[in-house]
Amino acid sequence: MWPRLSGLRRMTSLLASSASSTIDVGCRLKRNSVCSFRFSAFFGFAFLNYCMLNRLSRRCFSSAAAPLPWLFVGLGNPGDKYRGTRHNVGFEMIDAFAASVGIPMDTVHCKALFGKGFVGDIPVFLAKPQTYMNLSGESTEPLAAYYKLPLNHVLVFHDDLNLPCGVLRLNDKGGHGSHKGLKSVIYHFRGNREFPRLRIGIGRPPGQMDPKAFLLQKFNVTARQRIDEALQEGVDALKLLLSQGYDESAKRFNKEQKYKHLRVQTLPV
């Protein structure tokens, strides 16, 4: 592309030089009438070449549109009391991803522990709302608004009772399914449910156990191992999403997780 541009510039220079000489000769031979004609022709030709150069310059040097950032929000409860509990796997996914890509979670922004960086060329914002689970939307919505992000680039990580422990799903939209954190996010998005989420299966409570008590328990050894494996699978899926886009990565990832679901659904935890 450079040689073509240089060639056009040389052509314009030669045309200008030639036209200038013609003007001088015309002026000496035929005085004002010829001079006026040649002068008009010269500027017409110069203007045409300027337009061509300008169009080519824009094509050569205009930068491509910057990639749209992603906001990843993990849901959970702040404080050591809740660390390692089933309800906090959204926080754990954020921590695992941040460690994998080298983004420090070292600031506070919009009521969230916050980090930002790049994965390849893609800007990524990471957040762990510190509002407690039931008020997660008080942090998530202001973050999305601050960075002017469309909701399809706000990905929420959360625990899910309806998936076996360690099974994941990527969904592009959906309801809250009685999850109080998701309910708050949807409420603060003015009822809009069309934002993607990464569901992290924690299984159902045993017997007649109260689901609230189950959510606030820590994982046993077997469940902990499954969750750790799932976190790594989630990190890999998120990297794929950033490099190939949501649709392709979700299709591939959900297919893999479907087979995993069939394999582990009857295994004890």
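These are my notes on what I looked up in this structure, which is a predicted model.

**Entry 1: overall make-up**

I began with the secondary structure, and the protein has seven helices and seven strands. I then read the order of the elements from the N terminus, which is α-β-α-β-β-β-α-β-β-α-β-α-α-α. I looked up burial next: of the 269 residues in the protein, 43% are buried. I also checked how far apart in sequence the contacting residues lie. Among contacts with a separation of 6 or more, 72% join residues 24 or more positions apart.

**Entry 2: helix H3**

I asked which residues of H3 are buried. They are Gly 137, Ser 139, Thr 140, Glu 141, Leu 143 and Ala 144. I noted that a helix has 3.6 residues a turn, so residues three or four places apart point the same way.

What covers the buried residues of H3? I found that the cover includes the strands E1, E2 (107-109), E3, E4 and E5 (154-160), together with helix H4 (180-188).

I left aside neighbours within four places in sequence and listed the contacts of Thr 140: Leu 71, Val 73, Pro 129, Val 154, Val 185 and Phe 189.

Just after H3 I came to Lys 148, where phi is positive at about 55 degrees.

**Entry 3: H3 against H4**

I looked up how H3 and H4 lie to each other. Their axes come within 8 Å and cross at roughly 40 degrees. That angle makes H3 oblique to H4. The crossing of H3 past H4 is right-handed.

I wrote down the residues that meet. From H3 they are Gly 137, Glu 138, Thr 140 and Glu 141, and from H4 they are Ser 184, Val 185 and His 188. By type, this contact of H3 with H4 holds one nonpolar, four polar and two charged residues.

**Entry 4: H6 against H7**

I did the look-up again for H6 (residues 221-244) and H7 (residues 246-264). These two helices pack at an angle of about 160 degrees, and their axes are 8 Å apart. H6 passes H7 in a crossing that is right-handed.

On the H6 side I listed Arg 226, Ala 230, Glu 233, Ala 237, Leu 240, Leu 241 and Gln 244. On the H7 side these meet Tyr 246, Glu 248, Ser 249, Arg 252, Phe 253, Gln 257, Lys 260 and Val 264. I sorted the residues of the contact of H6 with H7 by type: seven are nonpolar, three polar and five charged.

**Entry 5: aromatic pairs**

I searched the whole structure for aromatic pairs and got nine. A pair of aromatic rings is described by the distance of the centres and the angle of the planes.

I looked at Tyr 82 and Tyr 132, which form an edge-to-face pair with 6.3 Å centre to centre and 80 degrees between the planes. Tyr 82 is in the loop between strand E1 (70-74) and helix H2 (89-101), and Tyr 132 is in the loop between strand E4 (122-129) and helix H3 (137-146), so the pair ties together parts that are 50 residues apart in sequence. Tyr 82 is buried, at a relative accessible area of 17%, whereas Tyr 132 is partly exposed, at 45%.

I then turned to Phe 114 and Phe 125. Their ring centres are 6.1 Å apart and their planes are at 20 degrees, so this pair is stacked. Phe 114 is in strand E3 (residues 112-119) and Phe 125 in strand E4, so the parts that the pair ties together are 11 residues apart in sequence. Phe 114 counts as buried at 3% relative accessibility, and Phe 125 is buried with a relative accessible area of 10%.

I also noted a cluster, in which ring pairs link Trp 70, Phe 72, Phe 97 and Phe 157.

**Entry 6: positive phi**

I ended with the backbone. Most residues other than glycine have a negative phi. Cys 110 is not a glycine, yet its phi is positive, at about 50 degrees. Cys 110 is in the loop between E2 and E3 and counts as partly exposed at 23% relative accessibility.

Tyr 132 came up again here, with a positive phi near 75 degrees. Tyr 132 is in the loop between E4 and H3.

How values were computed
Residues are numbered from 1 along each chain as its sequence is written. This is a predicted model: local features need pLDDT of at least 70, side-chain atom pairs count only at pLDDT 80 or more; totals for chains, interfaces and linings use all residues. Side-chain values use heavy atoms; hydrogens and water are left out. Axes are lines fitted to C-alpha atoms, for helices over the stretch in contact, and angles run from 0 to 180 degrees between N-to-C directions. Helices (H or I, at least four residues) and strands (E, at least two) are DSSP runs, numbered from the N terminus. A crossing is left-handed if the near helix is turned anticlockwise from the far one by less than a right angle, and right-handed if clockwise. Contact means heavy atoms within 4.5 Å. Ala, Val, Leu, Ile, Met, Phe, Trp, Tyr, Cys and Pro count as nonpolar, Asp, Glu, Lys and Arg as charged, and the others, Gly among them, as polar. Rings of Phe, Tyr and Trp (its six-membered ring) pair if their centres lie within 6.5 Å; planes under 30 degrees apart count as stacked, over 60 as edge-to-face and the rest as tilted. Buried means under 20% relative accessible area, exposed over 50%, partly exposed in between (1.4 Å probe, protein chains only). Angles under 35 degrees count as roughly parallel, over 145 as roughly antiparallel, 65 to 115 as roughly perpendicular and the rest as oblique.
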